Amino acid sequence: MRMKTLTEWLSGQETASDRLRRGVERIGAACIEIAGLIERAPFEGQTGALDSSNVQGEVQKALDVLANDVFLARCAEEPAFAAFASEELDDVVAGAAGGDLLVAFDPLDGSSNLDVSMCVGSIFSILPAPAGKAVIEAVDFFQPGRAQLAAGYALYGPQTMLVLSVGGEVAGFTLDRASGAWLLTHPAMQVPPDSGEYAINASNERHWRPGLKGFVADMKAGKDGPLQRDFNMRWLAAMVADVHRVLVRGGIFIYPADARPKLADGKLRVLYECAPMAYLVEKAGGLAYAAKGPMLDLRPDTLHKRAPILLGSRNLVAKAWEASSGDAG
Ligand code: F6P
């Protein structure tokens with residue numbers, strides 16, 4: 001059977017306006033270009049660290065900067081996009097006058113994987129822009145995740161994939177290099193409600209708070225412990241890749257806050273990491289929590305606000321949340 005293209009699939013999504021559909025296509029095109037940059041990077045000497053750092057003091061890879069430029073350049077051509085916020089930029093960048101959509105994005109997630117040719121990704125979130133406002137400011141992005149009109153990610157792995165929702169089902173597309181089109185390979189994705197896989201950076205265990213420590217100990221205890229099943233641990237060090245696995249075959253992904261002052265709010269950023277991934281996981285029947293409640297209820301108060309995150313298979317996440325929600329300070 002012939003697979004639907006992204007354009008064909010979008011035309012059947014009744015939750016999306018024409019402008020939103022067009023905007024999403026534009027982001028899909030930017031991701032194809034970023035995939036090309038990543039593939040060619042070893043020939044261009046572009047995977048090493050640059051001397052510059054981003055607003056959060058992290059060393060930027062040349063590809064982080066290039067991917068950011070591509071994302072902005074492609075999306076700035078879209079009249080629906082009023083403004084952009086990026087992991088790589090201190091402040092909001094203006095888009096089209098009269099645009100009604102805001103885009104927050106992480107142009108290259110998991111970039112520490114680049115040097116070793118492992119999976120990386122791009123993440124995006126689309127929010128409504130305030131009506132009738134000539135100049136968009138950072139505060140206009142401070143909306144809870146539930147306000148998102150669309151969210152998704154591109155995964156640059158063995159295949160290049162685009163996974164997104166524009167308010168309805170979560171759909172996964174694979175880039176067909178022969179035609180240059182995104183083809184629908186994973187329709188109506190659903191996170192299995194139970195799973196025996198967990199993802200957490202276990203090297204930080206000594207900093208974890210007691211509830212989380214206890215729950216991970218229960219998973220490690222396997223069939224002999226209170227959860228009465230054996231678990232496997234997976235950690236790909238790129239949120240896109242770990243969340244993609246959760247969307248396809250279930251499991252739990254945890255990036256907690258911990259006792260270190262720098263990790264008091266976790267590591268991952270609300271606007272362009274936690275909220276879009278929580279949106280996709282919930283649309284696919286899973287659950288996503290921050291420290292004090294559902295991730296999608298959290299309203300960030302800065303562009304680069306961080307939050308602890310717990311997401312994935314609903315039964316497993318519910319148990320993890322019950323065990324660890326008392327950890328929140
Ligand atoms: O954006 C940050 C990120 O690279 C995520 O993609 C990933 O899940 C996480 O950091 C990995 O963190 P750590 O290096 O602490 O394992």
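Glu87 and Arg269 are joined by a salt bridge (a side-chain nitrogen of Lys or Arg within 4 Å of a carboxyl oxygen of Asp or Glu), with their closest N and O atoms 2.7 Å apart. The structure is a predicted model, in which local features need pLDDT of at least 70 and side-chain atom pairs count only at pLDDT 80 or more, while totals for chains, interfaces and linings use all residues. Residues are numbered from 1 along each chain as its sequence is written, and side-chain values use heavy atoms, with hydrogens and water left out.

How do the two domains meet? The domain assignment, which is automatic or from a database, gives domain 1 (6-186) and domain 2 (197-328). Their C-alpha centres are 23 Å apart. Contact (heavy atoms within 4.5 Å) links 46 residues of domain 1 with 31 residues of domain 2. Between the domains, three salt bridges are counted.

The buried area, meaning the accessible area (1.4 Å probe) that two parts lose on being put together, summed over both, is about 3,000 Å² between the domains, with 63% from carbon and sulfur atoms. On the domain 1 side, Phe142, Arg146 and Tyr153 lose the most area to domain 2, together 22% of what that side buries.

Because the expected span is 1.5 Å times one less than the number of residues, the 27 residues of H2 should span 39 Å, and the 38 Å between its end C-alpha atoms agrees. Just after H2, Gly45 has a positive phi of about 65°.

Conventions
Helix = DSSP H or I, 4+ residues; strand = E, 2+ residues; numbered from the N terminus.
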